[in-house]
Amino acid sequence: MLPLASSAVAESAGYYGVGETPTEEQIAAWDIDIRPDGTGLPEGSGSVDEGMAVYETYCASCHGAFGEGMGRYPKLSGGEGTLAEDRPEKTVGSYWPYASTLWDYIHRAMPFFAPQSLTDDQVYAVTAYVLNLNYIVDGDFVANKETLPKVEMPNSGNFVWEDPRPDVENERCMSDCKDEVNVADSSEGKNLTPRTTGPLDEGLVE
């Protein structure tokens, strides 16, 4: 049992006696996710034309001038009708389900070498430009927290949001298994894995 003084300190600081309750500002700094319905989108806006300038500065070196991809960096445009092929092209136009979560990804992860360095207006503008590259919005489109959630993405209806697989729970067995289970062999006693301490198993090294 802790002495009375120590118990009082632990009780006041929290269950484990360490840390402190986060402030509203600290929580807000981590709470940056944007939901499919647009919940969480900040104030601000950006047009397709404004996005072109931001894209050319921060994005084109990796994703190409028109979203075609450079080297091994991913494509952002094209790929329509390829998802059922052997080599599908998962781009914003062919695959992405929601325009609002496109804003979320750009905001938290781009540009690749300096993520979260763009302003909210710049992210809105780049999002508008990438959508326009895929012919999803017109050239006069202005992205903001009201317009983005209303954008219909071409592939949004092809996602399955409920897992159709049944919940199952099977017990492991090495003997007295179900009839359909046949344990034909085992690795026991075959020295397939060297020891992690001491000398290696005999025969594994000369």
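**Close-up views of a predicted model**

**View 1. Helix H5 (residues 99-109) is mostly covered, with eight of its 11 residues buried.** Buried here means under 20% relative accessible area, with a 1.4 Å probe and protein chains only, and helices are DSSP runs of H or I with at least four residues, strands being runs of E with at least two, numbered from the N terminus. The buried residues of H5 are Ala99, Ser100, Thr101, Leu102, Trp103, Asp104, Ile106 and His107, and they pack against helix H6 (120-133). This is a predicted model, in which local features need pLDDT of at least 70 and side-chain atom pairs count only at pLDDT 80 or more, while totals for chains, interfaces and linings use all residues. Residues are numbered from 1 along each chain as its sequence is written, and side-chain values use heavy atoms, with hydrogens and water left out.

**View 2. The largest nonpolar core has 30 residues, of which Tyr55, Leu131, Phe141, Leu148 and Val151 touch the most other members.** Helix H3 (48-58), H5 and H6 are the elements that give two or more residues to this core, and H6 supplies the largest share, eight residues. Such a core is a set of buried Ala, Val, Leu, Ile, Met, Phe, Trp, Tyr and Cys residues joined through side-chain atoms within 4.5 Å.

**View 3. The surroundings of Leu131.** Leaving aside neighbours within four places in sequence, Leu131 is in contact (heavy atoms within 4.5 Å) with Val92, Ala99, Leu102, Ile136, Val137, Phe141, Leu148, Val151 and Met153.

Terms used: Buried < 20%, exposed > 50% of the residue type's maximum accessible area, 1.4 Å probe, protein only.
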